[in-house]
Amino acid sequence: MIGLPVRATPRGSLFEIMDESWMAEALVEARKAAAEGEVPIGSVVVFDGRIVGRGRNARERLHDPTAHAEILALQEAARSLGRWRLTGATIYATLEPCPMCAGALVNARIDRLVYAVADPKAGAAGTLFDVPRDPRLNHQLQVESGVLADLCGALLREFFKARRK
């Protein structure tokens, strides 16, 4: 059954504090995307306590339908680590990944996905689909949601409100 992910880390734990810190870095990328006229979605890949990949939406700027924040962060992480298998890494995204990005996370063998805001229109990590935890695939990820959801959600709402004016 598909449903929103349950948060596995205890409230107030060091793990939760680190998740918020890394999500704040993803939010920095989302703000850069907004400043560039892109939908404000950001992502970072963390391995061994350091950021190895950063990405922000760049579809308009690059004229590339695959230039999603998560894809660009995965590409940078793979270059940084010198390998395509990103086992041991966690990816932080300000919005729940779409089917393309969720599939890329599985293919990259990411261990863990943490996202801020659920996407009721295209979410593929527990909302519409659950690609990262599909047992039919060759790899599954741990998924957590809701980290800095208020801040990330507000940025998205403000962006689209301004666009509608």
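Two strands pair if DSSP finds at least two bridges between them. Helices (H or I, at least four residues) and strands (E, at least two) are DSSP runs, numbered from the N terminus. The model is predicted: local features need pLDDT of at least 70, side-chain atom pairs count only at pLDDT 80 or more, and totals for chains, interfaces and linings use all residues. Residues are numbered from 1 along each chain as its sequence is written, and side-chain values use heavy atoms, with hydrogens and water left out.

**Exercise 1. State the strand order of the open sheet and identify its edge strands.**

Step 1. The open sheet holds five strands with mixed pairing, in the order S2-S1-S3-S4-S5.
Step 2. Strand S2 (50-56) and strand S5 (142-145) are the edge strands, as each pairs on one side only.
Step 3. On average, neighbouring strands of this sheet are turned by 15° against each other, direction ignored; for such angles, axes are lines fitted to C-alpha atoms, for helices over the stretch in contact, and angles run from 0 to 180 degrees between N-to-C directions.

**Exercise 2. Describe how strands S1 and S3 pair.**

Step 1. Strand S1 (residues 42-47) and strand S3 (residues 90-95) pair in the antiparallel sense.
Step 2. Four bridges join S1 and S3.
Step 3. Val45 stands opposite Ile91 in S3.

**Exercise 3. Determine whether Arg112 is buried or exposed, and find a polar contact of its side chain.**

Step 1. Arg112 belongs to strand S4 (residues 112-117).
Step 2. Buried means under 20% relative accessible area, exposed over 50%, and partly exposed in between (1.4 Å probe, protein chains only).
Step 3. Arg112 has a relative accessible area of 4%, so this residue is buried.
Step 4. The Arg112 side chain makes a polar contact with the side chain of Glu144 at 3.1 Å. Such a contact is a pair of N or O atoms within 3.5 Å; within protein, one must be able to donate a hydrogen and the other to accept it, and residues adjacent in sequence count only if both atoms are side-chain atoms.

**Exercise 4. Locate Arg109 and Leu148, and give the phi value of each.**

Step 1. Arg109 lies in the loop between helix H4 (99-107) and S4. Its phi is near 65°, a positive value in a residue other than glycine.
Step 2. Leu148 is found in the loop between S5 and helix H5 (149-164). Phi of Leu148 is near 55°, which is positive in a residue other than glycine.
Step 3. With a relative accessible area of 22%, Leu148 is partly exposed.
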